[in-house]
Amino acid sequence: MSARRHLAWGLASLLVLAMAIGLWSWIARAGLVSAVFLPGPERTWAAIVKGLQSGVLVQQTGQTLRRMVLGWGLASVLGIGAGAVIGLSARARVWVLPLLEGIRPLPASAVAPVAIVFLGLSEQMILVLIAFGALWPMLLTTAHGVASRPARLAEVSRCLGLSRTAYLRKIALPGALPDIFGGLRLGLTVALILAVVGEMITAQGGLGTRILLAARSFRAPDIFSGVVVLGLIGLASNAILSLAEAWLLRWRPR
Amino acid sequence: MKGAVLPLGLVLAWQGTATVFGLQSDTLSDPLQVLAALAAGLGDASILRATVQTVGAAAAGLMLGAGLGAVTGLVCGLLPVLSRLLRLLIEVLRPVPAVAMIPIALLVFGFGARLEISVVGFACFFPMLILTETAVRGLHPLGRDVARMLRLSLPQRVVKMVLPAILPRLFVALRLCAGIALIVAVTVEISSNPMGLGYRLMLAGQSMRPADMFATLLWIGLLGWGLNLALVRAEHWLFATGARA
């Protein structure tokens with residue numbers, strides 16, 4: 001498709017988005033749905049502006065972002081590290097991997113009550129929850145990526161007298177990068193979800209706490225503004241990761 | 001076989017430590033107590049009742065969300081124009097975490113099954129839409145020409161050619177969404193909705209009954225594992241010959 005047609009379709013798509021927002025506004029103003037449930041885009045926007053001006057929304061967004069990034073970072077370090085070790089060792093794959101595969105389908109949020117018992121309704125509990133949930137995709141994709149390097153490459157590196165760490169750093173991890181990025185992306189989605197869940201349960205501040213408390217006191221514009229910001233976080237974090245992936249994997253033939 | 005050694009060893013070590021040192025705790029429990037709690041929960045049917053609530057809400061949400069998603073995906077796959085027009089709208093809505101819908105659904109429906117069904121439905125809608133659309137797109141263009149040659153109408157083409165062709169991939173998508181549905185249902189119960197397994201788990205933790213808590217956790221794990229296994233088996237059985245997905 002030519003660039004111009006591409007642009008035309010993009011604009012048409014934008015127009016449809018604008019129409020959807022217009023429809024939302026019309027439904028709200030015509031009172032088809034009670035204003036208690038559905039604030040229009042205008043009131044949602046007003047709530048966002050108010051939150052930005054008073055700094056409350058900025059602070060809550062910062063809290064959620066910080067938890068998401070910290071928990072995800074922790075999971076990345078642990079997951080890629082352990083995944084690399086498991087991927088390198090055939091023995092670890094036979095003895096340890098089945099246990100890890102068995103834990104993975106457990107809903108991460110189901111671990112929250114256990115984490116609360118040990119850590120209380122605290123910041124640490126939220127971070128542990130996020131790290132636990134985001135760990136699995138990264139660990140398993142890294143293990144898979146490292147393990148599935150062609151055997152020829154391992155032989156070559158042995159001939160060259162490369163140490164295990166050198167093989168890992170120079171051959172296995174760069175080769176596994178496309179797999180690892182798949183895990184990082186999935187992990188980031190999980191991290192945002194669990195940050196919100198953790199904040200809802202613990203009421204430690206952040207966007208999750210904001211929207212749940214707003215629901216309890218029937219402040220719909222505050223919920224919608226929080227949900228809009230959460231959507232933006234999801235959109236932006238995915239876009240940033242895509243850019244990083246495109247840059248880091250620029251050596252890969254398209 | 002070898003894979004079972006480590007988990008069994010860990011469980012035995014846990015039990016051994018607890019027995020030797022005489023564990024007495026509000027936060028930990030040993031495997032035998034957990035099994036006893038699970039047996040008690042199954043015996044008085046309290047776990048089964050909670051399971052029915054959770055699985056029922058997850059299944060209803062799955063049918064609603066995945067059904068709508070599959071239909072939308074099918075239409076978008078058959079009409080590329082519509083797909084391109086809707087792209088931005090979908091790309092904007094898709095990254096919204098499903099759990100962020102909990103407060104909105106809470107406001108509209110209050111506590112109960114409908115809260116859970118709506119959030120699960122939202123969570124299942126987009127994956128199903130995308131996967132169905134991709135499946136339709138992946139069909140060989142020759143099928144379209146053949147349909148035109150046979151003078152099939154669009155509904156005939158959908159029923160006779162498109163649906164049978166994408167069925168295996170549709171089932172894979174459904175399996176994926178079933179996993180999401182169970183996770184989201186439990187999450188909704190843990191974070192707000194007072195019903196089902198998630199609530200039972202939360203309650204056990206808050207009232208310092210660790211054996212009950214771990215038993216419920218174990219049960220949820222078994223449930224998810226069994227669901228996945230059953231669906232994988234069904235998939236093999238249904239599409240054993242033409243499995244391309």
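## Annotated segments

The UniProt entry, which is unreviewed, marks residues 57-80, 92-113, 119-140, 161-188 and 213-232 of chain B as "transmembrane region". The model discussed here is predicted.

Two of these segments can be described further. Residues 161-188 of chain B are 100% helix and 0% strand. Their end C-alpha atoms lie 39 Å apart. Residues 213-232 of chain B are also 100% helix, with 0% strand. Here the end C-alpha atoms are 29 Å apart.

## Fold and dimensions

Chain B holds 10 helices and zero strands. From the N terminus, its element order reads α-α-α-α-α-α-α-α-α-α.

The radius of gyration of chain B is 23 Å, whereas a compact globule of 245 residues would have one near 18 Å. The C-alpha trace spans about 80 × 50 × 30 Å along its principal axes. Among contacts in chain B with a separation of 6 or more, 74% join residues 24 or more positions apart.

## Burial and surface

Of the 245 residues in chain B, 43% are buried. The chain exposes about 12,600 Å². Carbon and sulfur atoms supply 71% of that area.

## A nonpolar patch

Six side chains form a nonpolar surface patch: Leu32(B), Leu35(B), Leu218(B), Leu222(B), Trp225(B) and Leu229(B). Together they have about 590 Å² of accessible area. Helix H2 (31-43) and helix H10 (210-238) of chain B each give two or more residues to the patch. H10(B) gives the most, with four.

How values were computed:
Residues are numbered from 1 along each chain as its sequence is written. Chains are lettered from A and ligands numbered from 1 in the order in which they are written. This is a predicted model: local features need pLDDT of at least 70, side-chain atom pairs count only at pLDDT 80 or more; totals for chains, interfaces and linings use all residues. Side-chain values use heavy atoms; hydrogens and water are left out. Patches are made of residues with over 30% relative accessible area and no salt bridge: like charges are joined within 9 Å, nonpolar side chains (Val, Leu, Ile, Met, Phe, Trp, Tyr) within 5 Å. Accessible areas come from the Shrake-Rupley method with a 1.4 Å probe; for residues, only the protein chains shown count as cover. A salt bridge is a side-chain nitrogen of Lys or Arg within 4 Å of a carboxyl oxygen of Asp or Glu. UniProt positions are given in the numbering used here, feature names are shortened, and annotations may be inferred rather than shown by experiment. The radius of gyration is taken over C-alpha atoms; the globule rule is 2.2 Å times the number of residues to the power 0.38. Buried means under 20% relative accessible area, exposed over 50%, partly exposed in between (1.4 Å probe, protein chains only). Contact means heavy atoms within 4.5 Å.
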